[in-house]
Amino acid sequence: MTSTASPDSIAARRDDILSRLDAAASHPVELIAVSKRQPDARIEEALACGHRVFGENRVQEAEAHWADRRDIEGLKLHLIGPLQSNKSEEAVALFDVIQTVDRAKIVKTLSAAAQKLGRFPDLFIQVNTGEEPQKSGVVPAELAELVAFTRETYPGRLVGLMCIPPVDEPAGPHFALLAKLAEENGLESLSMGMSSDFELGARFGATHVRVGSAFFGEREDG
Ligand SMILES: *Cc1c(COP(=O)(O)O)cnc(C)c1O
């Protein structure tokens, strides 16, 4: 909440990330500040600089961070972590965007929750571009079927695709694949790029980047 932006303040880091995104791409890129495992004081600091778009990867932690802040003007919350079907209703109640749809069962429970609550978060499908066995996300070969099922079933909008490239591989080919899959499936939004590669993501056409530690500073353990 200090007005003088020291180089290690959230305000300074945010300005730096925004200008680097601006330089990397001619299209607008939404900066999602990933607030998982960040202390409350940093969330307050981000809000004080006018930031309004945040990502969380666990429903319960997100409720602790955001339930009491839900009516802040312009606030937009993205779920970027794996979703259990028994948490669908809580997720629909809290989030504006759910980026981690990866199977028909989740589409069904989200659809039921949306109908029940009269709230229709935008959806992204998470794609396991590296086809890693331990990672969530639909494999590319099964994407078209899940897209069709989601469009038939979900009463809100399916807007895009999200990926987390394998840690030990260059991200570029994964971002290129995600962009190609989005185009083939008629989807506009692409969530790709994190602290270490958000500019690369933007150059490959990301419409959303998910930046945690480069925005807030290192996370607490947990
Ligand atoms: C934690 C997380 C991020 C942010 O990670 P940083 O490397 O701190 O930017 C982005 N996307 C997902 C899915 C995450 O879980």
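**View 1. His51 and its neighbours.** Leaving aside residues within four places in sequence, His51 is in contact (heavy atoms within 4.5 Å) with Arg14, Leu31, Ala33, Ala46 and Phe215. This is a predicted model, where local features need pLDDT of at least 70 and side-chain atom pairs count only at pLDDT 80 or more, while totals for chains, interfaces and linings use all residues. Residues are numbered from 1 along each chain as its sequence is written, and side-chain values use heavy atoms, with hydrogens and water left out. You will find His51 in the loop between helix H2 (40-48) and strand E2 (53-56); helices (H or I, at least four residues) and strands (E, at least two) are DSSP runs, numbered from the N terminus. His51 is buried, with a relative accessible area of 5%. Buried means under 20% relative accessible area, exposed over 50%, and partly exposed in between (1.4 Å probe, protein chains only). The side chains of His51 and Arg14 are joined by a polar contact of 2.8 Å. Such a contact is a pair of N or O atoms within 3.5 Å; within protein, one must be able to donate a hydrogen and the other to accept it, and residues adjacent in sequence count only if both atoms are side-chain atoms. The side chain of His51 also reaches the backbone oxygen of Val53, at 2.9 Å.

**View 2. Thr100 in strand E4.** Thr100 belongs to strand E4 (residues 97-101) and is buried, at 2% relative accessibility. A polar atom of the Thr100 side chain lies 2.8 Å from the backbone oxygen of Gly81. Not counting residues up to four places away in sequence, Thr100 touches several residues, among them Leu79, Pro82, Phe124 and Met162.

**View 3. The nonpolar cores.** A nonpolar core is a set of buried Ala, Val, Leu, Ile, Met, Phe, Trp, Tyr and Cys residues joined through side-chain atoms within 4.5 Å. The largest one has 56 residues, and Phe54, Phe95, Ile98, Leu110, Ile125, Leu161 and Phe215 touch the most other members. Helix H5 (residues 104-117) gives the largest share of this core, 5 residues. A second, separate core of 6 residues includes Val97, Phe124, Val159 and Met162. Beyond four places in sequence, the residues that Ile125 touches include Gln99, Val138, Leu146 and Leu158.

**View 4. Aromatic rings.** Rings of Phe, Tyr and Trp (its six-membered ring) pair if their centres lie within 6.5 Å; planes under 30 degrees apart count as stacked, over 60 as edge-to-face and the rest as tilted. By this rule there are 4 aromatic pairs. Phe175 and Phe204 make an edge-to-face pair, 6.4 Å centre to centre with 65° between the planes. Phe175 lies in helix H7 (residues 172-184) and Phe204 in the loop between helix H8 (198-203) and strand E8 (208-211), so their pairing ties together parts that are 29 residues apart in sequence. Phe175 is buried, at 0% relative accessible area, whereas Phe204 is partly exposed, at 33%. Elsewhere, ring pairs link Phe54, Trp66, Phe215 and Phe216 into a cluster.

**View 5. Phe149 in helix H6.** Phe149 sits in helix H6 (residues 143-153) and is partly exposed, with a relative accessible area of 23%. Leaving aside neighbours within four places in sequence, Phe149 is in contact with Ala104, Val107 and Lys108. The C-alpha atoms of Phe149 and Val107 are separated by 8.1 Å, with the two residues 42 apart along the chain.
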